[in-house]
Amino acid sequence: MKAHGFRPEIEGLRAIAVLFVFFNHLQVPFFQGGFIGVDIFFVISGFLITMIIKKEIDSKTFTVANFYKKRITRIAPAYFTVLFFTSLITLFILTPFELISYFKSALASIFFIANFYFWKTAGGYFSDNSQELFLLHFWSLSVEEQFYLIWPLFLLLLFKSFRNIKVITAILVLITIFGAYFSEFVSLRYSTIAYFFPVTRAFELLLGAILVFIPRINLYKYVSDLLYFISFSILIYCTIYFNEKTVFPGYAALAPCLATATIIYLNSKDSIFFKFLCIRPMSFFGKISYPLYLWHWPIIVVFNILLIKINIPIGVFIFTSAVLLSYLTYIYVEKPAQNYFKNVNKIQTFSYGYVFPTVFFSILTLVIIKFSGIPQRFNDQVNQASYALTTYPSKIRSQCHSSKNGFDPVNCVLGDTKAESSFIIVGDSIANHFTPMIDIFAKDAGVKGHDYTKDRTAFLPYTKLYNENGIEDKDFIKRNNEIISIIQSGKDRNFILSGGY
C-alpha cells in the first residue's frame with residue numbers, strides 16, 4: 001500500500017484511541033470496553049513503523065542504529081518527563097513499601113519490561129490492586145518496544161530472502177493468523193499472561209504492518225462509506241459491550257484491530273468519515289495523544305490513592321488537567337527535543353535521550369531501596385501500618401501456598417514445631433489468610449500442624465474444575481488426589497477445610 005505523505009485521518013484515529021482509554025479509566029458510562037484504544041494504537045504503530053522501514057529498505061538507507069535513534073527521539077522525551085514528575089509526586093503520598101514498589105515498576109518501565117513486571121505483581125490489568133499502580137499503563141509501551149527489537153531485523157531478513165512482495169505478504173498473513181490463534185489459546189487458559197504478553201499482542205501490530213504491502217484499490221465512494229460505517233460501528237460496539245470479563249486479546253481483539261486496519265486502508269478523502277477524523281478537535285487530540293496517554297493515568301491514580309471519588313466535577317478536572325499537561329509536554333518537551341535529536345549523532349541521541357535518564361532512575365531506585373522507602377517522611381504509626389500491609393500470608397508462606405512443588409511437610413509447619421503433627425489446613429487463599437492466626441493458636445495450645453493451600457482451589461475430591469472459558473484445570477484433580485493420599489496416610493488426625501466462592 002503506497003503512502004502519500006502525512007495521513008491526517010490517522011491523527012484522528014489516535015484521538016479516538018486515547019479518548020477511549022481515558023474515558024474507560026474515568027469509568028465514563030458506555031466506555032467499559034475503552035481499553036481497545038490500546039489495540040487501535042498497536043495497529044496504527046505497526047502500519048506507520050513498517051511503512052517507514054519498508055521505504056528505507058527500498059531506498060537502501062535503512063540501518064538498525066538509525067531506526068532506534070528515531071524510536072528514542074519519538075518515545076523518550078515525554079516518557080521520561082512524565083516519569084520524573086510522577087516519581088516526584090510519589091515521594092509525598094506513597095508509604096515506604098509502596099514507594100519501593102513504585103520505583104521497582106519505574107525501573108522495569110525504563111528497561112521496557114513493565115508488562116512482565118505487572119504480570120507478576122499486579123494480579124491482572126483489571127484487578128482492584130491495579131487502580132493504585134502509577135505506571136500500569138506503561139505495559140503497552142513495553143510491548144511495543146519488545147516487538148520493535150525484533151521486527152526491523154525480521155523484516156530486513158524477509159526482504160533479503162524473498163524479493164517478491166506477494167510472498168512476503170503471504171508469510172506475514174500466515175504469521176498473523178497463527179498469532180491470533182495463539183493469542184486466543186493463551187487467553188482462554190491464562191488470561192493475565194495473555195493480556196501483557198508480547199507474543200499474544202504481536203498479531204495486532206502485524207495487522208497494521210500488512211497494510212503496507214497490500215495494493216490500494218480505488219473503491220466507489222458508497223463502498224468506502226459503507227466500510228467506514230461498519231468499521232466505526234465495530235469500534236463503538238466493542239467500546240460499549242466489551243468489559244473485563246471479555247476473553248481478551250484473542251479473537252475478540254480482531255474486531256477493533258480489523259476495523260482500525262480497514263479505516264487506515266481506505267484513505268478515502270471524499271468520505272464524510274475521513275473528514276470527521278480530520279476536523280480540528282480530532283487533530284488536536286491526535287497530536288497530543290502520546291503525552292495524554294502518559295499523563296492521564298497517574299493523575300487518576302492520585303485521586304484513587306487519596307480516596308477521592310471521581311464524580312463528574314472531579315472527572316472534568318482530571319480531564320482538563322491531563323489535556324493541559326499533555327499540550328505543554330507536546331509544545332515544550334516533545335517538539336524541542338525532537339528538533340534537537342534530529343541534529344545530533346546517534347551516540348548523543350542514545351546517551352542524552354536514554355542512557356542518562358536510565359542511569360538517573362536506576363540510582364534513584366537503589367537509593368530508595370537502600371533507605372527502606374525513606375520512612376522518615378511519615379510518623380511511626382503510618383510506617384507500622386505500611387509494614388503490616390506488606391505481610392501477606394501468600395508471600396510469607398510461598399512454599400506452602402500455590403507452590404508448584406507439592407506438599408512440603410518440612411517447611412510448612414504451623415504451631416509448636418516440637419510437638420507431634422496433629423492437623424493440616426487445606427483450601428484456597430482464604431485458608432492461606434487464616435494461617436497466621438492458626439499458627440498463634442496452635443503455639444498456645446502446644447500442637448503442631450501443616451498448611452497446603454492454593455489460590456482459587458478448594459478441596460473437592462473426585463471433582464473436575466473448569467475456568468470461566470470452559471477449559472479444564474488438570475492440576476485440580478492431581479492436587480486433590482495428593483490431599484487424599486495425605487489423609488489416607490493417617491499422619492494428621494484433624495483437617496481444617498476452608499474456601500470462599
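What you're looking at is a predicted model, where local features need pLDDT of at least 70, side-chain atom pairs count only at pLDDT 80 or more, and totals for chains, interfaces and linings use all residues. Residues are numbered from 1 along each chain as its sequence is written, and side-chain values use heavy atoms, with hydrogens and water left out.

**Stop one: Lys70**

Select Lys70, which sits in helix α3; helices here are DSSP runs of H or I, at least four residues, numbered from the N terminus. Is Lys70 buried or partly exposed? Its relative accessible area is 38%, so Lys70 counts as partly exposed. Show its contacts (heavy atoms within 4.5 Å): leaving out neighbours within four places in sequence, Lys70 meets Ile52 and Glu56.

**Stop two: Trp151**

Jump to helix α6 (residues 139-161) and pick out Trp151. With a relative accessible area of 3%, Trp151 is buried. Which residues does Trp151 touch, not counting those up to four places away in sequence? Look for Thr50, Ile53, Leu172, Leu206 and Ala209. Ile53 is 98 residues from Trp151 along the chain, yet their C-alpha atoms are separated by 9.7 Å.

**Stop three: Ser183**

Next, go to α7 (residues 165-189) and select Ser183. Its relative accessibility is 0%, so Ser183 is buried. Beyond four places in sequence, Ser183 is in contact with Thr200, Phe203, Pro249 and Gly250. Zoom in on Gly250: its backbone nitrogen lies 2.9 Å from a polar atom of the Ser183 side chain.

**Stop four: α14**

Colour α14 by burial and you'll find that 16 of its 17 residues are buried. Just past this helix, Leu307 takes a positive phi of about 60°.

**Last stop: α15**

Finally, select residues 312-342, helix α15. Its 31 residues reach 42 Å from first C-alpha to last, close to the 45 Å expected; that expected span is 1.5 Å times one less than the number of residues. At its start, a side-chain oxygen of Asn311 comes within 3.0 Å of the backbone nitrogen of Ile314.

Where is the kink in α15 centred? Go to Tyr330, where the kink is about 40°; the bend at a residue is the angle between axes fitted to the seven residues ending there and the seven starting there. Tyr330 is also one of the buried residues of α15, which include Gly315, Ile318 and Phe341. Show the partners that the buried residues pack against: α1 (8-25), α3 (64-93), α13 (280-287), α14 (289-305) and α16 (346-370).

Keep α1 and α15 on screen: their axes come within 11 Å and cross at roughly 145°. (Axes are lines fitted to C-alpha atoms, for helices over the stretch in contact, with angles from 0 to 180 degrees between N-to-C directions.) Where they meet, Leu19, Phe22 and Phe23 of α1 face Ile318, Phe319 and Ala322 of α15.

Note on methods:
Helix = DSSP H or I, 4+ residues; strand = E, 2+ residues; numbered from the N terminus. Buried < 20%, exposed > 50% of the residue type's maximum accessible area, 1.4 Å probe, protein only. Polar contact = N/O pair within 3.5 Å; in protein donor to acceptor, adjacent residues only side chain to side chain.
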